[in-house]
Structure formats: structure tokens, C-alpha cells
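This report describes selected features of a two-chain model. Please look over the sequence and the structure before reading on.

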Amino acid sequence: MAVTALITISWLLIVLSMLVLGAYAVRHYYLGYSRMRLEHPRETNELVGFVMPRITVFIPMHNEEKVARDILQALVDCDYDWELLEVIPVNDRSTDGTRAIVDEFAGRYPFIKPYHRTEGVGGKPAALVEATELATGDIYLMFDADYVPGRAVLKMLTAPFVDPEIGAVMGRVVPHNIGDSLLSGLLSLERCAGYQSVQQARFNLGFTAQFGGTVGGVRAAALRAVGGWNPESLTEDTDLTFALLLSGWRTAYVNRAECYEEVPQDWAVRRRQLSRWVTGHTECLHNYWPDLLRARFLSREEKTDALFLLAMYLTAPIIVIGWVASLVLFFIPEAHAVPVLPVAMLIIGYLLFSNQATFLEIGVATLLDGTRLRALLMPLSLLNFFANTGAICNALRKFYWNRFWGSGGDGWYKTHRTRLDTEGQAFGAGAKPAGAARQSVKGLYYANNEGMGD
Amino acid sequence: MQLTRARVGIALGFAFAVFILLAYFAVPLMALHSSMADTLLRWAGIPNAGWEPVSVFPGLEPGSGPLVPVPTFSQVSEGARFALILGIVALLIVARRFSLFRNLANFLIVLLLVSAVVNVFFDTFQLQSKVFGQIWLRQELLVWLLMPFVSLLLFLLPQPNLGVGLGWMALVQVYGFLFSVLRFVFCVGMLHHTGLLFMPLLWFALGTLSDLLFLLFFYSISVYRTSGQLWGVRSSWQSQL
């Protein structure tokens, strides 16, 4: 009796895994295939220079003395009309030489108008909320401090706003430290598939692209219409994407607006980054899924795609559940008589790699980018997959635990930078003693190393 | 390169043709699989009393499973038990030293521990080699049957030259078959020498995961080569993005 019940439960769990993961796999392959076919190409670059609105560029900074000069100089070198450009470095309680660098640039270039924060809640969303009040542009663009935008990026990111339905724009993030470690190489594959294949395919197919909070922009009027940044969200970018979508605004993707970033080089940094994304993303899922389903102006396909996007991190525990159920069946001889076990193992095994980006998406992105050497790293993506799955499950466990007990979750973490030997410093450490580990802010807890950044 | 409807149609036709051929010749294929495995088992000195028919899938049977003696936990040699402990320790070291491997290593440790617990507390539980052969064939037959459609997307469509794509497709299919024989013989050998101790781990690592890994290995090489060939015409791709 107990064995029969165990087999039935395992069966049901495996069927659940297969259905959910199968649906995700179909979606991944559809997007990859669509990209391979170069279907419905949508290119906004022909609009570059057609209209040049007044823009404000935000650069959230916290202890960024090693990289601040690079991004400010890169923005100065951009080919955007200085009369229509306003750059606001948001220096959030830096304790290093960031302020001096920013002030030096502000003294030389009148369109650079620094905003120095000395108090208040830490974290990028909170800083952006304050800085936005000072902005005079019609379009707000955002770059993390360690990014290096190319000369034409501002124009490229501004071009899609010619379309009045476009509320936000996302450019492409390209890792520059691919060869520094195995992890950074694998993450470059993930980014490559995520932008070149998934973002572009979704945009081409008429789905809303995902605003990433950096190398992107938002229309000032649209931001005001949805009530501004959500300072309580750990992924204010995802939050804004869906707030805009539900208010009728679209997010465009500009594949050629490339900006170089530094991806994590060691797993500890990556795990914390992933943990923040999982928490913020899943929070958005809970906040937005009812409104998404009710939205009358969104097609069924758009709603489905949006839900797939919001729920993507839930696939990790579903995979684990499938494995556990398969393991249980392996040890039950009665289960060997039916072909459920091999079928389940096959499907689950087949989906092993398709959690973040399927092979096809990676391969197509690599072909389109012409980065052939990177393709040879693909078999090693298995390691990244296992590492991601564990970290995502752990982050979800914490998220739901905190949600159940009504306590706060992890706060903002400043991703450790390694460029130019930058040492990651505790965000806001200067504002409170190191021993004061937690500070409750609107239901969230900000740890010592809370911070802003990618 | 453009994926025209005609090209997609032809490629899909090839995939279906291979699928139908494989389904039609499934029984002889499984017999060949068993025959090759039998030869390798004899070379490896693993005693096999013969092959018994096993059901695989309705309409695609019978296959056959080997009759290799399998020890229970109490019959397993001290060396095998020591190897289990050594395996766990080695994986613990890997998990400790290489953070990127940690989750994979931890999962493998769990598989070994679960196996150890089941062996210790349910000594009578035994996986017969014939049953293992049945499970294996069910899994691999599915892989062989699905492979043409996976190859369609991974190898046939992205290739500028359809002939080269078909070559990759054939290579993957043949390699998958031969690789399956090797892995099966290794697993049966381990089953004979160590009983059920390592089987969950082997089943996980050498089962579909290995199929996927070799597929990915070939795919990465294929993309690497194709990318080089397409370099000259890449501008025409990107002009249509």
C-alpha cells in the first residue's frame, strides 16, 4: 500500500516536472529557432538621429573610484549633443575617492551634475528615486559604474523612443572578462544566449523585452505614470518592466547598443548576485501575475511569455523534484516494470541544460556573434547549470521562508568588482558600524554589504 | 544563410525518415547492441549466463538483458565498500575545493549515501542485470529515436551545407549507439563487482546525462566549425537582424 502510494506520488511529481520543463524547453527552442530563421526582424537603428530628445544619464555609484573615471570619460566622448545631455552620477555615500573624481568631471563639463547622497536608505533603487527628482531629461538612461559605453550607445538607446508606445529600452550587455576564469567564460555563454537569442527573439516576436536596469533607459513620462521606481524591489528593473507593460508601455531591445560589463569571476560573488535576482524576480511574479492574467490589452501569447519569464527561476526546484522522484522510483522494483523511469530520466536529463539557456540558443547566438572559440565551452555549461540550480533553490527556500514568516529577505549586494584590483567594500559601511548587521527598511533588511550595482 | 520553408521541410523529412528507419529496425538494433555488449563482457571477463528477452516498448520488442550475477550488499567485497567511502571522500574534497563543482559533487554524494543506506538496511534489495538491461534499452531506444529531431535543430538547420548537416546527424547517431554499448558494459561490470552500491550514481552520470554531454560536445564542435565557415557571410546575417 505504502509502496503503491510512493510510486503514485513519484509518478505525479515526474509528470509535473515533465510538463513544466517540457513547456520551458519548447519555449527555448521556439525562441532559438526563431532567431535562427531571423524571423520578423525588428531593428531600430535606422531611427538613430531621427529625433534627439533631452536625456538624463544616471550612473549609480558607491565606492567606484577605480572605475568612475572610465565611464564618465566614455560618456563625455559619446556623440550625443551636449546641449541635450545631462549626466547625473549618483554618488551614494562613497567613502573613497569617488566624490573627488565626480566633482572634477563636473567642474570640467557643465552637463555633468553630480548628486551626492550622504544619508538615507542604501541601494540602487532608493538612490535612483532621489536622483530622478533632479533630472530634467525626457528620457532617462542608466549605466552601472563599471560599464564602458561606446560612442554611439546613447543615440542607439534613444532611437526607439521615437515610437510613442515604447516606455523603456534595453541594450546588450557584453562581458569583457571572458577569459579571466572558467565561470566568467560560462557566464559569457549565458549572457550571449540571453541577449543575442532570447531578448532579440522575444522583441522580434512582439513580446516585451526585459529591462535590465543598466545599459537601458526609460521614458520620464512612463516612469511617472507607473509611480516611479519601486525602492522596495531587489530587481527594480524587472519590476519596472512589468509595471510598464501593465500600463500599456512596451520595452524595446537594441541588440547593437553594446556595453561592456564585468561578470563575476568566482562562484561566491555569482551566488549572491543570483540570489538577489531570484528573490527580486520571484517577488515580481507574486506581485504581477494576477494583473497580467487580467490585462485585456495583452494577447494570450504575451501573457504566456510574460508568465514564463517571471516564473523562470521556479524551474530549478521543479528539476530537483523530478530528480528526487526518479531516484525514489529507481529503488522501487515494482516501478521498473513500467517505462516511466527511463522516460522521466530522459526528459529530465534532456532538460538539464535548458534551465537558463538551451544549447540551441547558445549555439545560434554564437553563430550570429561569430565568436567561435566560445562555442567550445558549451559542454562545461553543465557545471554552471548544477551550480545555478543549487543557488536558485537555496534563494527560493529563503524567499518563501521569509515570506511565510513575514520577515525580510536579503538586501542589496554590491557585486564585487575585480577590474583594476578594485576591492569590494561594504555598501553603506561608513553609515553604520560593522557590527550593526541588519537595518530594517520597509520590510527589507539591508546587510552590511548592501549596495548598488549589477 | 536563410532557413527557407523548403530547407526546413527537407530537413524535417530527413529527420522523420531516420526516425521511421530506426523504429522499423529497432529490434535488430537492440540485438546488435546486446551482441556487441556480449563481446565486450567476454573480453572484460565478466561472467554472463546468456541473454533473456525483455519487453521494451509495445511494438518495439523484444530486447534482451544479460544474466550476470549480482551480489547483495553482504556479498560485496571489502574493496567495493572501501571504494564507496573513497568516492564520497573524493567528492567531498572536490566540493570543498572547487566551488563551481560543489553542487554537482554534493548531488553525487547524496546519490552514494542514499545507495549506501538502502544497501545497509535493505540487503535483500537487488537490481538484476536483466532488469538493468531492460531499463537501459528503454532509455537508449528513446534517445536513438529522439536524436534525429534533436539533430534537426542542432546540426541540420544551422549548417550552410545540408550534406554536412546530414553527416553530423549520422555521426551523432552512430556514436550514440556505440557509446551506449560501452557505457552499458561498464555499468553491468560495476553491477557485477559492486552490486547496487554505485548504480544510482552511474545511472545518473552515465545515463541520459552522458548522452546529452556527447551531444553537446559534438554540437559545440559543429558550431565552432560552422561559425568559421559563416564568417564571410556573417554580414548578410546581421543585416537582417
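This is a predicted model: local features need pLDDT of at least 70, side-chain atom pairs count only at pLDDT 80 or more; totals for chains, interfaces and linings use all residues.

Along the principal axes, the C-alpha atoms of chain B fill a box of roughly 65 × 45 × 30 Å. Chain B has 241 residues, of which 39% count as buried. If contacts in chain B between residues at least 6 apart in sequence are considered, 72% of them join residues at least 24 apart.

**Contact between the chains**

Chain B brings 44 residues into contact with 47 residues of chain A. On the side of chain B that touches chain A, two or more residues come from each of helix H4 (102–121), helix H5 (129–156), helix H7 (199–206), helix H8 (208–230) and helix H9 (234–238) of chain B. H8(B) gives the largest share of that side, 14 residues. Sorted by class, the side of chain B that touches chain A has 30 nonpolar, 11 polar and 3 charged residues.

**Strands of chain A**

In chain A, strand E2 (residues 85–92) is mostly covered, with 7 of its 8 residues buried. E2(A) pairs with strand E1 (residues 55–61) of chain A and also with strand E3 (residues 115–117) of chain A. The pairings are set out in the table.

| Strand pair in chain A | Sense | Bridges | A bridge pair |
|---|---|---|---|
| E1(A) and E2(A) | parallel | 7 bridges | A:Pro60 and A:Val90 |
| E2(A) and E3(A) | parallel | 3 bridges | A:Asp92 and A:Arg117 |

E1(A), helix H2 (residues 68–76) of chain A and E2(A) make a right-handed β-α-β unit. A right-handed β-α-β unit is also made by E2(A), helix H3 (residues 98–108) of chain A and E3(A).

**Two residues with positive phi**

Most residues other than glycine have a negative phi. A:Asn63, which is not a glycine, has a positive phi of about 50°. This residue is placed in the loop between E1 and H2 of chain A. A:Arg93, in the loop between E2 and H3 of chain A, likewise has a positive phi, near 55°, and is a residue other than glycine.

Are A:Asn63 and A:Arg93 buried or exposed? The cut-off for a buried residue is 20 or more other C-beta atoms within 10 Å. A:Asn63 counts as buried because it has 29 C-beta neighbours inside 10 Å. A:Arg93 has 22 C-beta neighbours inside 10 Å and therefore counts as buried.

**A helix pair in chain A**

Two packed helices are described by the angle between their axes and the distance between the axes. For helix H1 (residues 2–36) and helix H11 (residues 315–330) of chain A, the angle is about 145° and the axes are 8 Å apart. The crossing of H1(A) past H11(A) is left-handed. On H1(A), the residues that make the contact include A:Leu6, A:Leu13, A:Val20 and A:Tyr24. On H11(A), A:Ile318, A:Gly322, A:Ala325 and A:Leu329 are among them. The residues of the contact of H1(A) with H11(A) divide into 14 nonpolar and 5 polar, with no charged residue.

Definitions and conventions:
Residues are numbered from 1 along each chain as its sequence is written. Chains are lettered from A and ligands numbered from 1 in the order in which they are written. A residue is buried if 20 or more other C-beta atoms lie within 10 Å of its own, exposed if 12 or fewer, and partly exposed in between; C-beta atoms are placed from the backbone. Helices (H or I, at least four residues) and strands (E, at least two) are DSSP runs, numbered from the N terminus. Two strands pair if DSSP finds at least two bridges between them. A crossover is right-handed if, with the strands pointing away from the viewer, the path from the first strand over the helix to the second runs clockwise. Two residues are in contact if their C-beta atoms, placed from the backbone, lie within 7 Å. Axes are lines fitted to C-alpha atoms, for helices over the stretch in contact, and angles run from 0 to 180 degrees between N-to-C directions. A crossing is left-handed if the near helix is turned anticlockwise from the far one by less than a right angle, and right-handed if clockwise. Ala, Val, Leu, Ile, Met, Phe, Trp, Tyr, Cys and Pro count as nonpolar, Asp, Glu, Lys and Arg as charged, and the others, Gly among them, as polar.
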